[in-house]
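This report describes one protein model together with its ligand. The sequence and the coordinates are shown first, and the description follows.

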Amino acid sequence: MTAVLEPDAAQRGILQAMLHGSKAFADLEGLDEHVRTETNEFAVVIGPSVPSEAAAELAQWARVHRPDLGVILLRHDVDSAALSLALRSGMREVVAARDLAGITTAVQRARSVANAIGQTLMDEAQAAAESARAQAEADAAAAAAAAQAKAEAPRGRIITVFSTKGGVGKSLVATNLGVSLAASGRSVCLVDLDVNSGDVAIMLQLTPHRTINDLVGFNGVIDAEGISSILTRHSDNLSVVAAPVRIDSPDQASQDDVAKLLEALKRMVDFVVVDTSGTFDDLALCALDRSDGIVLVGTLDIPSLKALKLATSTLEVLNFPKSTWRFVLNRADGKVGLTVEEFEKTLGLKADASLVSSREVLAAVNRGEALVTAYPNHPNSKALVSFARSTADSIGGETPAAEQNPSSRKSSGSRLRLRRA
Ligand SMILES: Nc1ncnc2c1ncn2[C@@H]1O[C@H](COP(=O)(O)OP(=O)(O)OP(=O)(O)O)[C@@H](O)[C@H]1O
Ligand SMILES: [Mg+2]
């Protein structure tokens with residue numbers, strides 16, 4: 001549609017008759033109202049009697065608010081003043097008022113431009129809608145992938161019980177920690193990495209038919225099914241990967257086998273409790289490297305203090321974050337001229353649990369029962385149950401420790417470098 005602005009009635013009549021279907025206005029107010037409300041309008045023909053300033057004002061408004069509206073200026077003389085006015089105010093064309101064919105052509109061109117602009121705007125709107133839909137789809141796919149990754153992420157936590165001294169109570173702590181966690185409703189696997197003299201199975205009165213060395217037969221393919229076949233079940237929630245029964249076994253599980261075992265177990269149970277041999281051997285390092293928590297065990301005597309000091313300084317050098325360490329002081333009631341406070345101060349660690357020397361401990365071991373089950377009211381049992389609860393709380397979060405703290409992941413690399421050095 002075309003609108004005409006021409007104060008002179010005769011001239012207005014000619015223009016309106018010539019431009020079929022056009023709307024003609026005598027003053028700017030009427031036209032202004034019309035073009036603001038009539039969005040289908042594609043051309044405004046400004047008649048020759050309209051003063052230049054009013055024509056320029058209208059063209060400037062249209063340039064900003066209705067860029068699809070072609071403003072065509074009719075002048076009796078198409079001189080340089082008229083052309084410069086048109087250029088300055090953004091008019092589409094200047095046509096001589098008597099050039100009727102020229103006026104019609106200019107209006108047709110305005111229609112084509114308006115159509116093209118309309119098409120472009122539609123294309124842009126479609127493209128924007130398309131891009132918004134694609135973005136929404138990508139966001140939904142990313143959210144689904146993140147949810148799936150979270151669902152499939154290993155949920156188990158590895159706790160390694162460690163010291164660099166034998167006979168301090170590692171296996172006592174490991175077995176009772178495992179039994180307590182299992183009793184609290186968590187699924188637990190106790191892994192005995194003391195491959196030369198492991199006694200987790202004996203302490204729980206189990207007779208393993210298969211042991212950790214059976215991993216060798218899997219030829220590196222260590223999955224849940226394979227692992228299930230070597231587990232010795234203690235209760236619904238607790239199973240054991242037992243240490244070899246014979247130390248002269250020809251096939252010995254490698255560090256790689258143990259690494260795969262621990263990684264797979266993280267997907268199978270809530271907690272993997274690892275008992276170790278008392279040295280920084282390859283298998284212990286393999287477990288420590290993957291641990292969310294390290295439980296250090298010592299007894300209240302100078303040789304144990306010395307061994308623990310060595311263990312903690314080595315763990316520090318190897319970049320195992322101290323925040324993951326927990327400390328159990330065993331036989332803390334010993335009258336050996338060394339107080340608990342002196343021990344803790346020298347070691348630089350506060351005990352998270354203290355156990356007393358007691359006949360019941362040995363009695364439970366000899367019965368093949370965990371102390372926490374055999375003597376649940378014993379002070380050591382209470383201390384161990386409470387230690388298991390606080391340990392689970394401190395490392396049992398949603399995200400594995402290594403993912404929460406990027407610096408600890410970095411330190412894992414340096415541990416490997418240091419070990420190889
Ligand atoms: N608090 C205690 N009271 C009495 N006996 C204890 C106590 N703690 C540990 N024992 C006994 O000491 C012995 C060693 O304990 P345990 O096997 O748990 O130590 P370990 O650090 O695992 O030893 P190893 O390095 O030989 O594997 C066991 O016979 C155990 O019953
Ligand atoms: Mg042991």
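The cover over the buried residues of helix H13 includes helix H6, helix H7 (200-203), helix H14 (371-374) and helix H15 (379-395). Contact here means that the C-beta atoms of two residues, placed from the backbone, lie within 7 Å. Helices (H or I, at least four residues) and strands (E, at least two) are DSSP runs numbered from the N terminus.

The model is predicted: local features need pLDDT of at least 70, side-chain atom pairs count only at pLDDT 80 or more, and totals for chains, interfaces and linings use all residues. Residues are numbered from 1 along each chain as its sequence is written, while chains are lettered from A and ligands numbered from 1 in the order in which they are written.

**Helix H13**

The buried residues of H13 are Val-361, Ala-364 and Val-365. Viewed down the helix axis, the buried residues of H13 fall within an arc of 100°, so they line one face of the helix; the arc is that of the directions from the axis to the C-beta atoms. Arg-359, Leu-362 and Asn-366 are exposed on the other side of H13. A residue is buried if 20 or more other C-beta atoms, placed from the backbone, lie within 10 Å of its own, exposed if 12 or fewer, and partly exposed in between. Just after H13, Gly-368 has a positive phi of about 70°.

**The ligand shell**

Ligand 1 is surrounded by 17 residues, and the closest are Gly-166, Lys-170, Ser-171, Leu-172 and Val-361. A residue belongs to this shell if its C-beta atom, placed from the backbone, lies within 6 Å of the ligand. H6 (170-183) and H13 (359-367) each supply at least two residues of the shell. By class, the shell comprises six nonpolar, eight polar and three charged residues. Ala, Val, Leu, Ile, Met, Phe, Trp, Tyr, Cys and Pro count as nonpolar, Asp, Glu, Lys and Arg as charged, and the others, Gly among them, as polar.

**Domains and annotation**

The protein chain is divided into domain 1 (2-120) and domain 2 (154-420), with bounds from an automatic or database domain assignment. Taken over C-alpha atoms, the centres of domain 1 and domain 2 are 89 Å apart. The unreviewed UniProt entry carries the annotation "domain: AAA" for residues 157-310; such annotations may be inferred rather than shown by experiment. The span 157-310 is 36% helix and 19% strand, and its end C-alpha atoms lie 26 Å apart.

**Individual residues**

Asp-68 lies in the loop between helix H3 (52-65) and strand E4 (70-75). Leaving aside neighbours within four places in sequence, Asp-68 is in contact with Phe-42, Ala-114, Ile-117 and Gly-118. The C-alpha atoms of Asp-68 and Leu-262 are separated by 69 Å. Arg-233 is found in strand E8 (residues 232-233), and its C-alpha atom is 80 Å from that of Arg-66.

Asn-319 occupies the loop between helix H11 (302-317) and strand E12 (325-330), and its phi is positive, near 65°. Arg-331, in the loop between E12 and helix H12 (340-347), has a positive phi of about 50°. Most residues other than glycine have a negative phi.

| Residue | C-beta neighbours inside 10 Å | Class |
|---|---|---|
| Asp-68 | 18 | partly exposed |
| Arg-233 | 11 | exposed |
| Asn-319 | 16 | partly exposed |
| Arg-331 | 19 | partly exposed |
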